[in-house]
Amino acid sequence: VAADEAQVDQQIRNREKQVNDMIAKMQAEAIAKQKEEPRKKEEAKKKEEPQAAQQQKPSQKPTPGGSQKPTPGHTQKPKPPKNETPFVDQVSGFSYPLPSSYRRINSPYGTRTHPVTGKPNFHTGIDLPAPKNTRITAVKSGIVSISGYNASYGNYIVIQHTDGYSSLYGHMNSRAVGADDVVSQGQLIGYVGATGSATGNHLHLEIRKGGSRINPAGCFPGLS
């Protein structure tokens, strides 16, 4: 188990610079686009002004007992789209990767007896039990640095985030994203399973900050 985890650690380090370069490029492009947006809006406004002047006509008065007719060029304001943004903790900035009904830790971060080998080991994340094929979502936006299989982690995914954090999702039944995919916070990335070294269906979640593991429970207040 330790050797498998060390192998994954090395893969994460090998991919870190490459993915961070991709993130830096995306951020630079976003800044350039943001700076360009006011100019494009101004040009579009100048083009629309002559057309609006030609189409403008006196508004019609409402007829008795009837509804007021809309003026030319007027369109009904559409209803705002339904907000599907995931709940984000205002302190940590993380969103929980499983449905809210599965907010329970059955194996915490730290020293424990491994459930498969029966030997003492350091648990590098937290285990969150949930039924097979429960949806798993990204805790933050970022780029998928690794999407593969490991004897210990089973089907697993690593996401490099834009703020120095990374997250690992292990024992998935199946993966829904591949390496180099850009993912949004709350986006579906896979399904709960028991692949690799596992005794039952659950999500093994790891969080790294600056390349070093931290206790993921601190990112999700209210876990028990």
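Residues are numbered from 1 along each chain as its sequence is written, and side-chain values use heavy atoms, with hydrogens and water left out. Because the model is predicted, local features need pLDDT of at least 70 and side-chain atom pairs count only at pLDDT 80 or more, whereas totals for chains, interfaces and linings use all residues.

Helices (H or I, at least four residues) and strands (E, at least two) are DSSP runs, numbered from the N terminus. Strand β11 comprises residues 202–209, and seven of its eight residues are buried, so the strand is largely enclosed by the rest of the structure. Buried here means under 20% relative accessible area, exposed means over 50%, and partly exposed lies in between, with a 1.4 Å probe and protein chains only.

Strands of a sheet pair through backbone hydrogen bonds, either parallel or antiparallel. Two strands are taken to pair if DSSP finds at least two bridges between them. Strand β3 (residues 126–129) runs antiparallel to β11, and four bridges join them; within this pairing, I126 has L205 of β11 as its bridge partner. Strand β7 (residues 165–172) is also paired with β11 in the antiparallel sense, over six bridges. Here L205 of β11 is the bridge partner of Y169. A further antiparallel pairing, over three bridges, links β11 to strand β12 (residues 212–214). In that pairing K209 stands opposite S212 of β12. The hairpin formed by β11 and β12 has two residues between its strands, and G210 takes a positive phi near 60 degrees there.

Strand β3 also carries D127, which is buried, with a relative accessible area of 7%. The side chain of D127 makes a polar contact of 3.2 Å with the side chain of H123 and another, of 3.0 Å, with the side chain of H204. A polar contact is a pair of N or O atoms within 3.5 Å; within protein, one must be able to donate a hydrogen and the other to accept it, and residues adjacent in sequence count only if both atoms are side-chain atoms. Leaving aside residues up to four places away in sequence, D127 touches R104, I105, N106, S107, R112, H202, L203 and H204, where contact means heavy atoms within 4.5 Å.

A separate description applies to the open sheet of three strands, which has the order β4-β10-β8 with antiparallel pairing. Strands β4 (135–137) and β8 (174–175) stand at its edges, each with a single partner strand, so one side of each is left without a neighbour in the sheet. Strand β10 (residues 188–191) is joined to β4 by three bridges, and T137 has L188 of β10 as its bridge partner.

The loop between α1 (2–55) and β1 (110–113) includes S92. S92 and P221 are 129 residues apart in sequence, yet their C-alpha atoms are 8.7 Å apart in space. Not counting residues up to four places away in sequence, S92 touches K140 and C219. A polar atom of the S92 side chain also lies 3.2 Å from the backbone nitrogen of F94. Y102 is found in the loop between α1 and β1 as well, and it counts as partly exposed at 27% relative accessibility. Y102 touches Y96, P129, A130, P131 and T134, with residues up to four places away in sequence not counted. One of these, P131, is 29 residues from Y102 in sequence and 9.2 Å from it, C-alpha to C-alpha.

In soluble globular proteins, nonpolar side chains tend to be buried together. A nonpolar core is a set of buried Ala, Val, Leu, Ile, Met, Phe, Trp, Tyr and Cys residues joined through side-chain atoms within 4.5 Å. The largest nonpolar core has 26 residues, of which Y169 and I189 touch the most other members. Strands β3, β6 (154–161), β7 and β11 each supply at least two residues of this core. Another core, of seven residues, lies apart from it and includes V8, I12, I146 and V158.
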